[in-house]
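Please read them with the structure open.

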Number of protein chains: 2
Amino acid sequence: MNIGEIAKRAGASRSTVSYVLSGKRAVSEETRRRILAVIEELDYRPNAAARALKEGRTRTLGLVIPPASQRLTDMQLGFVASVVEAAARADLDVLLSPSGGDHERSFERVVTGRRVDGVILMEIRMEDDRVSRLRQTSLPFVTIGRTADPHDMWWVDVDYTTLISRCVHHLADLGHRHLAFINRSAELVAAGYGPGHRALAGFRQAVTERGLTGVDVCCPDEPSAGETCLEQLRAAHPEVTAVATINEAALPGIQRGLQHAGLAVPRDFSVAGVAARHWAEDFRPPLTAADVPTLDMGEEAVRLLLERIATPEAPPRHVLHAPPISLRASTGPVPPALR
Amino acid sequence: MNIGEIAKRAGASRSTVSYVLSGKRAVSEETRRRILAVIEELDYRPNAAARALKEGRTRTLGLVIPPASQRLTDMQLGFVASVVEAAARADLDVLLSPSGGDHERSFERVVTGRRVDGVILMEIRMEDDRVSRLRQTSLPFVTIGRTADPHDMWWVDVDYTTLISRCVHHLADLGHRHLAFINRSAELVAAGYGPGHRALAGFRQAVTERGLTGVDVCCPDEPSAGETCLEQLRAAHPEVTAVATINEAALPGIQRGLQHAGLAVPRDFSVAGVAARHWAEDFRPPLTAADVPTLDMGEEAVRLLLERIATPEAPPRHVLHAPPISLRASTGPVPPALR
DNA sequence: TTGTAAGCGTTATCAT
DNA sequence: ATGATAACGCTTACAA
C-alpha cells in the first residue's frame, strides 16, 4: 500500500495526497474528503523509510543506555521512561542502543547510519569515549550527566556536589561529628563516573568546612552489598553516627544492616542522601533525601535535543538541578551519649 | 557522504561499492581493497533509510512496552534488557513503543508505518487489543505472555498456573492448611492480565486438590502496599500460616509487614512465589520461588520473531516455561501450635 | 486548485 | 570483473 495506490483510488495525484497529509498546500474540501476516505478505508500510513530518505530526517531519537546486562538502577529506568514518554508526546520514536559492553556496533549504527535525528546519552563518565565519538560527528546530542569539561556541551544533570554537601551540613547541624559517605560501586567510580566523583568532592569539602571527620567507601549497587558495607563501616569506624549516600540500590541493604546492628533510625543513627523519590519513600523510616527529578530531566533532555536539532548553531544550553532536601524521618540529633 | 562519493573516490561504480559491502558478487581483490580503504578513511556507512526503502526491511525490531509512566517491574525490565541485548547480537536495532496510555499514535506508527520488521509485545492481557490489531496486519509479532486463546500465535510465557500450584503443594507438604495468595494489582487483574488469572486458577485448583482453605487478595505493585496488604490479611484471616505470591514488587512490603507483626520467617510464617531471581535472593530470608528466566525468554522471543520474519508461513511456535521452584529459606513446617 | 517530475541513497538486474 | 540504470515510496519545486 503506497501513496500512488491512494492517489489512483481517489482519482487524484500523488502530490495532492501528500499535501492532504502534510497540510502544506491548500486542497479543495471536496478532494480532501475523497482522499481521506480512501486513506481511512485502506488504513494507509506513509512509509517511514521513504519519508526519511526524502526529508533527510527520521523522526526518531536515539537513546544510548548502559549495557542492559548490568541491571539498570531505578533512576536510570526513570530517565528512560521519561525520555520515551516525552518523545512519544512529540510524535517521535525512540531507538534504544545499549553501549559500553561489547555492543559498539549498535552504537556505531545509531551514530553513523543516520538512523536517528539526535541522540540522548546516559551514564556519562568524566572522560567519555562515546561523547568524544559523537563530537566528531555532526549528529546533535544531549547528555544526561556531564563530562569533566562540559562547556559548549548540551546537558542536564544533578548537582551532586551541592546535594551531598547539603546533606553533610544538615547532619552537622543535628550535631553529628563523624560521618560516612557511601558511594556507588568501586568500578563505576574508577571508570570516572561523574556523580561518584562530584558527590565525593562535595562530601569532603563540606566535612572540612564543618570540621568533622568523614570516611568514604564504595559499595556495589545491590541491596546485599549495602548490608555488608554497613557492617564493615561500623566495624572499622564505630564512631560514625550518620551516613550520606548516593547509592540508592544499596539502600535496602543499608537499612537491613542498621536493623541487624540493633540501631534505630533516626534515634541511634541517621541516614541522608540523593535518590529517586519512591526509593526515599520506601525506606523505613522514609529517607531524608534530595529527590532527583528524573521525570523532568528526561523531558528536558528531549526538549534540549529538539532545540539543538532545530537550530544546530544555537549556543549550548544546559540545566543543572539542585532539588531541595526533603526532610523526612531518617535524620535526627546525634544520641547525647555519643556527642 | 553517500555511496556515490565513495565510488567516485575509489574510481569504481556505485554497484561495485555496494557489492563490496554485501559480498553478493565477486570483486577483484585490487578494487576491493581500494574501495575498503576509502570507506575506512571517510568512515562511511550506508544510509539506513535508503537501504530500508530499497530492501523492504528495516533491520529494526519493535518492542511494545507498558506505558513507562507506570513504573516497570523488575521482571519487565529484565525482558526489555534481554530483548535489546539479543537484538544487538543479531545486529538489529530496537524501537521502543510505549502503549496503553494515551500513546496509541506511537503504537500505530510502529505497526503500520513499516518502521520495523517485526514486533515483540509485552504485558499481554487475556483479551488484548494490541494483539487483535496486529493480527489484522501482516506484521510478524511475538508476545511475551499469551492471550486467552493463544493457538496459532507465536509466544513465550511462564506457566503461572503450574508454578503457583507447585507452591501450594510445597506448602501443603510442609503441613500448612490455611493459605493465602497475593495477586498483582486489582486493576491489572480486572483488565484481564494473564498471569494474574492463571496463577489464581492454579492456586484455587491446588488448594481444592489438597483440601486446604485458600484466600486470595489483590495488591498494588508497590512495597508499601505489600505491608498494608499483609496486615489486612492477618486481621481478616488470622489462621493463615503461609502465602504464595506473584507480586514481586510487593515483596519488600510483605517482608516488613511480617516483621511488624512479630512473625519470623519461616518459623512462624512461610512465603513462596514466582519472581525474578534477584528479587528472591534479596528477600530476607531468601525466598523459595520459581525463578522466571527473563534472560532466556527475551532471547527466545527475539529468536522466534526472527524465525517468523524469515518464514512467514511457518507453523506457529511457542515456549512455555515452568522453571522448578528453587528451595531457599522462606518456607518451613507449619508451627506445631497452629496445626 | 491540481498535476508532473526530479531526486533522496540504496540494491540488484541487465549489459558489457 | 565491472558499469549503467531502474526501481523502492515519498516530498516538493515547478508548471499549468
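1. Helices (H or I, at least four residues) and strands (E, at least two) are DSSP runs, numbered from the N terminus. On that basis Ala289(B) sits in strand S10 of chain B, residues 288-291. This is a predicted model, in which local features need pLDDT of at least 70 and side-chain atom pairs count only at pLDDT 80 or more, while totals for chains, interfaces and linings use all residues. Residues are numbered from 1 along each chain as its sequence is written, chains are lettered from A and ligands numbered from 1 in the order in which they are written, and side-chain values use heavy atoms, with hydrogens and water left out.

2. Is Ala289(B) buried or exposed? Ala289(B) is buried, at 0% relative accessible area. Buried means under 20%, exposed over 50% and partly exposed in between, with a 1.4 Å probe and protein chains only. Contact here means heavy atoms within 4.5 Å. Beyond its neighbours within four places in sequence, Ala289(B) touches Gly273(B), Val274(B), Ala280(B), Pro324(B), Ile325(B), Ser326(B) and Arg328(B). Trp279(B) lies 10 residues away along the chain, with 9.6 Å between the two C-alpha atoms.

3. Thr245(B) belongs to strand S8, residues 242-245 of chain B. Thr245(B) is buried, with a relative accessible area of 2%. Its contacts, again leaving aside neighbours within four places in sequence, are Ile164(B), Phe181(B), Ile182(B), Leu251(B), Ala272(B), Gly273(B) and Val274(B). Gly273(B) and Val274(B) are also among the contacts of Ala289(B).

4. Now the overall form of chain A. Along the principal axes, the C-alpha atoms fill a box of roughly 90 × 40 × 35 Å. Chain A has 14 helices and 12 strands.

5. Of the 339 residues of chain A, 56% count as buried. Among contacts in chain A with a separation of 6 or more, 70% come from residues 24 or more positions apart. The accessible surface of chain A is about 14,400 Å², and 52% of it belongs to carbon and sulfur atoms. Those areas come from the Shrake-Rupley method with a 1.4 Å probe; for residues, only the protein chains shown count as cover.

6. Chain A carries 40 positive and 42 negative side chains. The centres of the two sets are 6 Å apart. Lys and Arg count as positive, Asp and Glu as negative; His and the chain ends are not counted. Each charge is placed at NZ of Lys, CZ of Arg, CG of Asp or CD of Glu.

7. An unreviewed UniProt entry annotates residues 1-55 of chain A as "domain: HTH lacI-type". UniProt positions are in the numbering used here, feature names are shortened, and annotations may be inferred rather than shown by experiment. In the model, residues 1-55 of chain A are 71% helix and 0% strand, with the end C-alpha atoms 20 Å apart.

8. Ile3(A) lies in helix H1, residues 3-10 of chain A. Ile3(A) is partly exposed, at 22% relative accessible area. Ser18(A) is 15 residues along the chain from Ile3(A), and their C-alpha atoms are 7.6 Å apart.

9. Please check the backbone geometry. Most residues other than glycine have a negative phi, and most peptide bonds are trans. The bond from Val265(A) to Pro266(A) is cis, with omega near 5°. Pro266(A) is in the loop between helix H12 (251-260) and strand S9 (270-275) of chain A. Arg284(B) and Pro285(B) are also joined by a cis peptide bond, with omega about -10°. Pro285(B) falls in the loop between helix H13 (277-282) and S10 of chain B.

10. Two positive phi values also deserve a look. Arg114(A), not a glycine, has phi of about 50°. Arg114(A) is in the loop between helix H6 (104-112) and strand S3 (118-121) of chain A, and is partly exposed at 34% relative accessibility. Asp152(B) has phi near 55°. Asp152(B) is in the loop between strand S4 (141-144) and strand S5 (155-158) of chain B, and is partly exposed at 41%.
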